[in-house]
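Subject: Structure handover

Hi there,

Here is the structure I promised to pass on to you. Please have a look at it first, and then read on for what turned up when I went through it.

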Amino acid sequence: MVNRKKAPVKKKALTAIDLFCGAGGLSLGFANSGVKILAGIDNNEEALKTYKANFLQSKTICYDLTNIGDDLINKLGYVDIILGGPPCQGFSIAGKRDSEDPRNLLTQSYLELVERISPSIVVIENVPNILSMEKGKFAQNIVKGLKKIGFNVEICKLNSAEYGVPQNRRRVFFIATKERVFNVTSLEKKKIAKQLTTYDALSDLPLLETGLGEAETLYDIEPVNNYQKRMRKNASKLINHVAVDHKPKTKMIISMVPDGGNYKDLP
């Protein structure tokens, strides 16, 4: 008798939809992890054009999520993961932090869609101030809403700079799962030892003078680190590298911001 080894069973890829998808940043992260992105949903048609260019195999659905109808539910069917970042302008310190901003209510629309589709995993991204706005009311409502429909919820405060992005971008993630509790400590192990600087990211780009066009958008040097190699992957030339023609007053204002500072440092 011949012993025949069984062929390994291929795991079916998890599927996801991205709410308030914009150009598709969250979708890209999940796609790079092997998740099949079925659709991006947003009410901004221009953003969806960019999304479609980035995710050719995914649907793009232009839809106002303040009013979720059966038409949307029927288009989506079942998915494993719902992910997305509801508009954060009402919570952000860069905005007015207006508790009455109607966009704040889109977190509830998000929960409504989760309840109707009933995925296994939910990821909601927002600015850290959602945890303190109105003494934490909005964050508490998200956690209560997810727990009410059967999810275990963990809250993670992350900075993209600690995971290989050359930008200090602090965000809060609500990670909800049905089958088991998400292990938050696993994220600590993925932090990089040395953070990337702006110079690390941009040092391979050619210098530009105002008004130079497409003929100048070629790389002058080879990439000098792995990040630059990743950014150049499958690219034969540099695109969208155009110098902005700032007015003298704008240049003067920019010159008053110290290294590592922002608009708050302006007199």
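Predicted model: local features only at pLDDT ≥ 70, side-chain atom pairs only at ≥ 80, totals over all residues.

Seven strands make up an open sheet with mixed pairing, and their order is β3-β2-β1-β4-β5-β7-β6. At the edges sit β3 (59-62) and β6 (152-159), each of which pairs on one side only. From one strand to the next, the twist averages 15°.

Strands of a sheet pair through backbone hydrogen bonds, in either the parallel or the antiparallel sense. Two of the pairings here involve β7, and both are worth a look. β5 and β7 run antiparallel and share six bridges, with Glu-125 standing opposite Phe-173 in β7. β6 and β7 are also antiparallel, over eight bridges, and there Glu-154 stands opposite Ile-175 in β7. As for burial, β7 is largely enclosed by the rest of the structure, because seven of its eight residues are buried.

Now the helices that lie on the sheet. Helix α1 (residues 25-32) packs on it and touches β1, β2, β4 (81-84), β5 and β7. The direction of α1 makes about 140° with that of β4. Helix α4, for its part, lies across β1, β4 and β5 and runs at about 170° to β4.

What about the interior? The largest nonpolar core has 34 residues, and those with the most contacts inside it are Leu-19, Leu-65, Leu-72, Leu-76, Leu-113 and Leu-146. At least two residues of this core come from each of β1 (15-19), β2, α3 (70-76), α4 (106-117), β5 (121-126), α5 (137-148) and β7 (170-177). The element that gives the most to this core is α4, with six residues.

- Asp-42 is found in strand β2 (residues 36-42). It is buried, with a relative accessible area of 12%, and its side chain reaches the backbone nitrogen of Gly-22 at 2.9 Å. Not counting residues up to four places away in sequence, Asp-42 touches Phe-20, Cys-21, Gly-22, Leu-48, Ile-61, Cys-62 and Tyr-63.
- Ser-58 is in the loop between α2 (45-54) and β3. It counts as buried at 5% relative accessibility, and its side chain reaches the backbone oxygen of Ile-37 at 2.6 Å. With neighbours within four places in sequence set aside, Ser-58 is in contact with Ile-37, Leu-38, Ala-39, Tyr-51 and Lys-52.

Cys-62 is accordingly in no disulfide, with the sulfur of Cys-21 as its nearest cysteine sulfur.

Finally, a backbone detail. Most residues other than glycine have a negative phi. Glu-134 is partly exposed, with a relative accessible area of 42%, while Lys-135 counts as exposed at 81%.

That is what I have for now. Happy looking!

Best wishes

How values were computed. Residues numbered from 1 in each chain as written. Heavy atoms only, no water. Disulfide = S-S within 2.5 Å. Helix = DSSP H or I, 4+ residues; strand = E, 2+ residues; numbered from the N terminus. Buried < 20%, exposed > 50% of the residue type's maximum accessible area, 1.4 Å probe, protein only. Polar contact = N/O pair within 3.5 Å; in protein donor to acceptor, adjacent residues only side chain to side chain. Contact = heavy atoms within 4.5 Å. Core = buried A, V, L, I, M, F, W, Y, C linked by side-chain atoms within 4.5 Å. Pairing = 2+ DSSP bridges. Axes fitted to C-alpha atoms, helices over the stretch in contact; angles between N-to-C directions.
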